[in-house]
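Subject: Structure handover and what was found in it

Dear colleague,

I am passing on the structure we spoke of, followed by notes on what was found in it. Please read the notes with the model open beside them.

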Amino acid sequence: MTRSARQFVTPLTFQALSGNSVHTELFDAGQAQAMDHIHLARWADLILVAPASANMLAKMAHGIADDLLSTLCLAAECPVFVAPAMNQAMWNKAVTQDNIGRLRRDGVAIIGPAAGEQACGEQGLGRMAEPENICARILAGTDKTMRGLKLVISAGPTREPLDPVRFISNRSSGKMGYALAEAAVRAGAEVTLVSGPVNLPVPSGVSIIRIETAQQMYDAVISRVSDCDVYIGAAAVADYRPAQMEDRKIKKQHDHGVIALAKNPDIIAAVASRADKPFVVGFAAETDDLENYAGSKLRAKRLDMIAANWVGQAEGGFDSERNALQVYWPGGSCHLPMTDKDQLAEQLLTVISERMHEKNPTQDT
Ligand code: PMT
């Protein structure tokens with residue numbers, strides 16, 4: 001127990017309730033031996049810091065060892081898990097997110113935090129994950145929150161041909177969808193990535209279907225979605241295609257030209273309307289009124305969740321290394337602050353796991 005933890009619960013109460021001895025001091029003048037903290041670190045099969053405050057995460061990220069717990073974590077050779085718990089603004093701060101990224105890169109498994117009402121009365125991401133979810137995550141092994149689940153993820157742009165050499169497309173690089181696929185494999189899932197044309201390596205362990213047009217993406221997704229548990233639509237699918245594709249290159253003739261467009265099928269709406277629908281997560285790319293537009297898409301397409309991102313800004317969204325998401329589901333929302341897409345993908349998968357577990361507590365996510 002840290003000094004702060006002892007402000008909430010006394011070591012005696014903790015000892016009486018848990019039936020275990022409680023360690024508090026790095027050097028206990030009374031009985032402890034000088035190297036007890038090293039023995040304790042070697043004795044442990046794993047270390048879980050729960051709740052992990054912003055301060056403890058910062059110390060762990062920077063190798064500060066100025067009390068028993070931070071020293072144990074630095075001396076540890078076993079797996080280390082942290083279950084962050086703090087005010088939502090503290091969690092959202094760039095410095096906290098940088099520390100989380102650093103810990104993740106050092107191999108520390110991050111569990112949660114969950115979204116909801118906080119002890120201070122504010123709403124947001126920062127509640128400690130529920131103890132049973134923490135236990136399930138640890139028992140499943142490091143980062144195996146999606147073990148046994150099948151995911152279909154769409155990524156990248158579609159290309160809608162005008163003629164053999166020209167097409168209508170958008171700026172999607174595929175980075176967000178590929179990061180999700182990679183994180184889902186790390187979390188133990190079986191992943192099929194349906195990808196538009198992008199310039200990215202296929203993450204190892206992912207099975208890939210390459211497509212060009214929205215119709216091809218529709219066919220590929222529908223052919224794979226019947227036995228999947230989660231569908232994530234991260235692709236930027238063209239809503240329209242040229243009504244007609246010319247067989248030959250269109251010649252320059254007039255000063256003005258008009259392209260007639262036909263509507264493409266809405267892939268995610270088709271997935272969400274199936275009788276055997278998986279848990280369906282959409283994305284919303286918006287230049288304005290994010291909340292309203294994302295909320296309308298969530299309802300109109302009958303999604304379980306939508307991850308909305310600002311696009312057309314200096315950072316985030318299309319073809320950017322980093323992104324931030326405002327995630328909505330029926331009756332709730334949370335903010336995932338600006339960070340690199342790999343980390344953001346892990347955080348979004350955690351939110352998805354928690355929501356799936358809340359919807360169906362018997363399902364092992
Ligand atoms: O690929 P990156 O460069 O990393 O950029 C990531 C991203 C900005 C493309 C990604 O984060 C994102 O926001 N993807 C969705 C972009 C989009 O097309 O949003 P939308 O609001 O137009 O569509 C809403 C949802 O419906 C999306 O899940 C989309 O995949 C889906 N959709 C849209 C049209 C259509 N015909 N079929 C669909 O399934």
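Helices (H or I, at least four residues) and strands (E, at least two) are DSSP runs, numbered from the N terminus. This is a predicted model, in which local features need pLDDT of at least 70 and side-chain atom pairs count only at pLDDT 80 or more, whereas totals for chains, interfaces and linings use all residues. Residues are numbered from 1 along each chain as its sequence is written, and side-chain values use heavy atoms, with hydrogens and water left out.

The chain as a whole

The protein chain has 13 helices and 17 strands, and its C-alpha trace spans about 95 × 40 × 40 Å along the principal axes. Of its 365 residues, 46% are buried, where buried means under 20% relative accessible area, exposed means over 50%, and partly exposed lies in between (1.4 Å probe, protein chains only).

The ligand and its surroundings

The ligand sits in the second largest pocket. The elements that give two or more residues to the shell around the ligand are helix H9 (175-186), helix H11 (267-272) and strand S14 (279-286), and S14 supplies the largest share, four residues.

There are 26 residues around the ligand, and Ser172, Ser173, Lys297, Asn309 and Asp319 come nearest; a residue counts as near if one of its heavy atoms lies within 4 Å of the molecule. By type, the shell divides into twelve nonpolar, seven polar and seven charged residues, with Ala, Val, Leu, Ile, Met, Phe, Trp, Tyr, Cys and Pro counted as nonpolar, Asp, Glu, Lys and Arg as charged, and the others, Gly among them, as polar.

A polar side-chain atom of serine 173 lies 2.6 Å from a ligand oxygen, a backbone N or O atom of methionine 176 lies 2.8 Å from a ligand oxygen, and a polar side-chain atom of lysine 297 lies 2.4 Å from a ligand oxygen. Taken alone the ligand exposes 780 Å², and the protein buries 95% of that; accessible areas come from the Shrake-Rupley method with a 1.4 Å probe, and for residues only the protein chains shown count as cover.

Asparagine 309 lies in strand S15 (305-310), and because its relative accessible area is 6%, asparagine 309 counts as buried. Its side chain makes a polar contact with the side chain of asparagine 323 at 3.0 Å; a polar contact is a pair of N or O atoms within 3.5 Å, and within protein one must be able to donate a hydrogen and the other to accept it, while residues adjacent in sequence count only if both atoms are side-chain atoms. Aspartate 319 is placed in the loop between S15 and strand S16 (322-329), counts as partly exposed at 47% relative accessibility, and has a positive phi near 50 degrees although it is a residue other than glycine.

Backbone features to check

Arginine 302 is also not a glycine and has a positive phi, of about 55 degrees. Arginine 302 is placed in the loop between helix H12 (290-300) and strand S15, and counts as exposed because its relative accessibility is 55%.

Where are the cis peptide bonds that I would ask you to look at? A cis peptide bond joins alanine 50 and proline 51, with omega about -5 degrees, and proline 51 lies in strand S1 (residues 47-52). The peptide bond from glycine 112 to proline 113 is cis as well, with omega near 5 degrees, and proline 113 lies in the loop between strand S3 (109-110) and strand S4 (114-117).

One residue elsewhere

Methionine 128 is placed in the loop between strand S5 (123-127) and helix H8 (131-140), and counts as partly exposed at 27% relative accessibility. Methionine 128 and alanine 114 are 14 residues apart in sequence and 6.0 Å apart in space, C-alpha to C-alpha.

With best wishes

How values were computed:
On a 1 Å grid over the protein atoms alone, a cavity is a set of points where a 1.4 Å probe fits but cannot get out, and a pocket is an open set with protein on both sides within 12 Å along at least five of seven lines; lining residues have an atom within 4 Å of a point. A molecule sits in a cavity or pocket if more than half of its atoms lie within 2 Å of its grid points.
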